[in-house]
Amino acid sequence: MPFNRPWAVGTELGHIGDAIAGGQLSGRGPYTDRCTGWLERRTAARRALLTHSGTGALEMAALLAGLEPGDEVLLPSFTFVTTASAFAMRGAVPVFVDIRSDTLNLDERLLEDAMTPRTRAIVVVHYAGVACDVDAIAAVAARHGLLVIEDAAHALTATYRGRPLGGIGDLAALSFHETKNLIAGEAGALLVNRDHLVDAAEIALDKGTDRRRVERGEVDRYRWVALGSSYAASEITAAFLWGQLEAADDIARRRWRVWDRYHAAFARLEEEGLLRRPIVPAGCRHNAHMYYLLAADGAARDELIARLEERGVNAVFHYVPLHSSPAGLRHGRAPGELPVTDDASGRLLRLPLWPGMDDADVAHVIRSVHEALGRPAPAHEAAAAAADN
Ligand SMILES: *Cc1c(COP(=O)(O)O)cnc(C)c1O
């Protein structure tokens with residue numbers, strides 16, 4: 001059972017053929033417009049721009065934040081590399097803040113202690129599609145005049161108190177990498193939630209030119225007007241993505257089915273103190289992006305992964321903390337120890353979760369986790385797995 005298998009809906013090829021017949025394959029054509037319109041409706045973003053990756057969207061956000069070398073950005077260490085590197089590439093200093101032990105999201109109570117007069121922005125990650133404490137973080141940001149940037153790579157369609165993640169911060173980055181809920185191979189989107197940032201975002205996407213003004217008939221040739229780069233996704237990518245977005249509700253249902261089965265099946269192991277399951281605070285509706293478990297300690301985690309591998313189940317650890325990584329040490333700093341980050345990174349494993357998993361696949365993973373821990377699986381899951389053998 002692979003940890004992830006990119007799952008195509010079946011309509012993607014037809015859309016790509018249509019894009020080819022339409023005669024435009026560079027970015028910002030009709031499929032891009034469909035995708036960005038969908039994203040704007042679903043997230044309430046003021047403007048969505050399709051990019052070649054989530055990383056590209058984060059780099060755009062860092063550019064639009066107007067950071068000067070030496071400016072500081074508060075962000076978690078327990079995250080993907082480019083949450084930090086996008087800002088380091090602007091010469092800003094990632095300042096790594098510890099996470100909460102329940103959601104593994106940035107701990108809002110530690111933000112003010114990590115600030116200095118150079119702090120400009122807070123970058124949050126909604127880990128596993130579970131919202132960070134958005135209201136508390138927005139209040140801190142408002143008090144200190146900081147931008148809030150959401151790395152919402154995990155979080156499309158998840159909500160916080162009814163508000164869609166990605167539509168809340170000043171800017172947000174989404175990813176459609178093949179490991180995310182909705183995929184296009186490599187792609188992403190920048191969500192712009194403030195009117196005054198829309199023009200600058202469009203210019204950054206257009207390689208630093210005012211090409212859009214030509215298209216609107218406002219000027220007759222485009223010029224280099226600001227820093228930007230080649231961030232747009234092609235129409236081939238957008239056509240693939242459109243197939244996924246049309247099927248988003250079906251994909252979500254399939255992911256939820258796996259997530260809910262895991263969560264119910266592991267309740268007793270949690271009661272017995274063998275594992276900890278994900279915690280979803282009231283007010284957060286997640287999107288079944290990921291199912292993770294926290295083992296008792298690092299050795300137990302490594303042994304569990306090895307025993308699952310023997311049973312053909314590919315479970316994987318997650319982030320190696322950035323604050324103690326070679327480039328994290330060089331480009332960033334941590335105001336102190338990050339004990340929760342180190343602890344979670346050492347004990348966490350993620351289970352296979354993709355839309356094409358059938359009932360027997362899920363039962364096999366559930367039974368394998370129980371076997372690996374020497375505990376009996378819930379009777380109906382054991383029967384479902386046996387029926388498959
Ligand atoms: C996937 C991911 C990214 C990067 O997205 P790409 O599309 O792969 O560039 C950034 N941050 C987080 C938290 C991610 O999970």
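Student: Which polar side-chain atom lies 2.9 Å from an oxygen atom of the ligand?

Tutor: In this predicted model, that atom belongs to H154. A polar contact is a pair of N or O atoms within 3.5 Å. Two further side chains have an N or O atom at such a distance from a ligand oxygen: S175 at 2.7 Å and K180 at 3.3 Å. As for cover, the ligand taken alone exposes 380 Å², and the protein buries 92% of that.

Student: Where does the ligand sit?

Tutor: Its place is the largest pocket. The ligand is surrounded by 17 residues, and the closest are G54, T55, D151, S175 and K180.

Student: How do the residues of that shell divide into nonpolar, polar and charged?

Tutor: Sort each residue by its type, then count each class. Here the shell has 6 nonpolar, 9 polar and 2 charged residues.

Student: Which helix gives the most to the shell around the ligand?

Tutor: That is α3, with 3 residues. Both α3 (54-64) and α4 (81-88) supply at least two residues each.

Student: Now a single residue. Is T209 buried or exposed?

Tutor: Buried means under 20% relative accessible area. T209 has 11% relative accessibility, so this residue counts as buried. T209 is found in the loop between α7 (195-205) and α8 (211-215).

Student: What does the side chain of T209 reach at 2.9 Å?

Tutor: The backbone oxygen of D206. A polar atom of the T209 side chain also lies 3.3 Å from the backbone nitrogen of R211.

Definitions and conventions
Residues are numbered from 1 along each chain as its sequence is written. This is a predicted model: local features need pLDDT of at least 70, side-chain atom pairs count only at pLDDT 80 or more; totals for chains, interfaces and linings use all residues. Side-chain values use heavy atoms; hydrogens and water are left out. A residue is near a molecule or strand if one of its heavy atoms lies within 4 Å of it. A polar contact is a pair of N or O atoms within 3.5 Å; within protein, one must be able to donate a hydrogen and the other to accept it, and residues adjacent in sequence count only if both atoms are side-chain atoms. Accessible areas come from the Shrake-Rupley method with a 1.4 Å probe; for residues, only the protein chains shown count as cover. On a 1 Å grid over the protein atoms alone, a cavity is a set of points where a 1.4 Å probe fits but cannot get out, and a pocket is an open set with protein on both sides within 12 Å along at least five of seven lines; lining residues have an atom within 4 Å of a point. A molecule sits in a cavity or pocket if more than half of its atoms lie within 2 Å of its grid points. Helices (H or I, at least four residues) and strands (E, at least two) are DSSP runs, numbered from the N terminus. Ala, Val, Leu, Ile, Met, Phe, Trp, Tyr, Cys and Pro count as nonpolar, Asp, Glu, Lys and Arg as charged, and the others, Gly among them, as polar. Buried means under 20% relative accessible area, exposed over 50%, partly exposed in between (1.4 Å probe, protein chains only).
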